[in-house]
Amino acid sequence: MDREIKRIAILTSGGDAPGMNAAIRAVVRTATHEDLHVYGIYEGYKGMIEGNLKRLENRDVANTILRGGTILKTARCEEFKTKEGRQKAYESLLAFDIDAVVVIGGNGTYTGAKYFTREYDIPFIALPGTIDNDIYGTDFTIGFDTSINTAVDAVDKIRDTASSHNRLFFIEVMGRHAGFIALETGLASGAAATFLPETNWGIDELLKMLKKAAIRKKLFSIIIVAEGNENGDARALADHVKENLPNYETRVTTIGHLQRGGSPTASDRVLASRLGYEAVRSLLNGVENKALGIVNNKLNIIEFDDAITKKKKLDQDHLKMLEVLAM
Ligand code: F6P
């Protein structure tokens, strides 16, 4: 449909991710360049329901490209899952004369966009912002690169103390139900083993490997465990090893929310800037209700439904490499 876009609103929703601010900045500056007005919606869909919108101008996003978190704040909003909640959100957008909305987040954010746009005639564009990298239709999500760099930095530090004390460390990384963070962290930190929700590498294989290592007098190692690992979390795996191989001294570290903070890497800043820029250009070119991503360094535009329901696969070559390069 041909419509004139004069006012765009933008929000971040779900778990924050480093680079979200760079995306907001890019939307504001690209829109301003095109003589559009931008409104920031605070605290995600909750702010949309409550009408918590404020005009954002170029100077409001100065010095934000380097900042982690999200200047618009974020929330996980139950009310937006209801028809009544979305009705209130629609009324807020009407009250501010909003012609289109850019949302940045993960699967829950996309699902909200899908339901809203089925019910109301205000176009949405969704950008992938989550450290988990589990969104179909983009090679990388905003925040993933920063989060794996933070995790690898933490693992490197733990490796120093693990090696000094000859200890076996189980390090849990985030990723909810997906192993993207664990896979790349395992590869980049030279882990002896990596447990992912997508593979069925089990505790027996680990015990076998550790027995062999003990014969070689190698008692220190790093094991990466994805938080969604199906064969037990880091604590359960460590306890099992302790019971079966008492020669090993085990420790458990959960990196946790450290992975969600910090200044975004250059890659995340560029990815976020590019997606923010493309979001505004897409809206001006008549693109409505689509998810944007970058695949093979090219803009990829897909349906919300595909982004939500299709499962992104782990890089199979990286998985193979992980096996070959482990001890
Ligand atoms: O989706 C991002 C993420 O950091 C997941 O990796 C993790 O499981 C979850 O959010 C944690 O959520 P919360 O910050 O709400 O505890």
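In this predicted model, I41 stands opposite L53 in strand β3. That pair belongs to the contact between β2 and β3 (residues 53–56), two strands that run antiparallel and are joined by four bridges.

**Strand β2 and its partners**

- Strand β2 spans residues 37–41, and four of its five residues are buried, so the strand is largely enclosed by the rest of the structure.
- β2 also pairs with strand β1 (residues 7–12), here in the parallel sense and over four bridges.
- Within that pairing, R7 stands opposite H37 of β2.

- Strand β10 covers residues 290–295 and strand β11 covers residues 298–303; six bridges pair them in the antiparallel sense.
- A291 stands opposite I302 in β11.
- Two residues lie between the strands of this hairpin, and N296, in the turn, has a positive phi of about 50 degrees.

- The relative accessibility of T30 is 10%; the cut-off for buried is under 20%, so T30 counts as buried.
- With neighbours within four places in sequence left aside, T30 is in contact with Y277 and V280.

**L275 in helix α9**

- L275 lies in α9, a helix of residues 266–284.
- The relative accessible area of L275 is 0%, so this residue is buried.
- Not counting residues up to four places away in sequence, L275 touches L127, P128, I142, L292, G293 and I294.
- L275 and A326 are 51 residues apart along the chain, and their C-alpha atoms are separated by 36 Å.

**T185 in helix α6**

- T185 is part of helix α6, which runs over residues 180–188.
- With a relative accessible area of 0%, T185 is buried.
- Beyond its neighbours within four places in sequence, T185 is in contact with I148, A151, V152, V155, V173 and I224.

**The largest pocket**

- The largest pocket holds about 790 Å³ of space.
- It is lined by 39 residues, of which R76, G106, N107, G108 and R176 are the closest to its centre.
- Helices α4 (107–119) and α10 (304–309) each supply at least two residues of this lining.
- α4 gives the largest share of the lining, six residues.
- Sorted by class, the lining of the largest pocket comprises 16 polar, 13 charged and 10 nonpolar residues.

**Points to check in the viewer**

- For β2, look at both partners: β1 pairs with it in the parallel sense, whereas β3 runs antiparallel to it.
- For the pocket, begin with the residues closest to its centre, among them R76 and R176, then turn to α4, the source of the largest share of the lining.

Notes
Residues are numbered from 1 along each chain as its sequence is written. This is a predicted model: local features need pLDDT of at least 70, side-chain atom pairs count only at pLDDT 80 or more; totals for chains, interfaces and linings use all residues. Side-chain values use heavy atoms; hydrogens and water are left out. On a 1 Å grid over the protein atoms alone, a cavity is a set of points where a 1.4 Å probe fits but cannot get out, and a pocket is an open set with protein on both sides within 12 Å along at least five of seven lines; lining residues have an atom within 4 Å of a point. Grid points are joined across faces, edges and corners, and a volume is the space filled by probe spheres set on the points. Ala, Val, Leu, Ile, Met, Phe, Trp, Tyr, Cys and Pro count as nonpolar, Asp, Glu, Lys and Arg as charged, and the others, Gly among them, as polar. Buried means under 20% relative accessible area, exposed over 50%, partly exposed in between (1.4 Å probe, protein chains only). Two strands pair if DSSP finds at least two bridges between them. Contact means heavy atoms within 4.5 Å.
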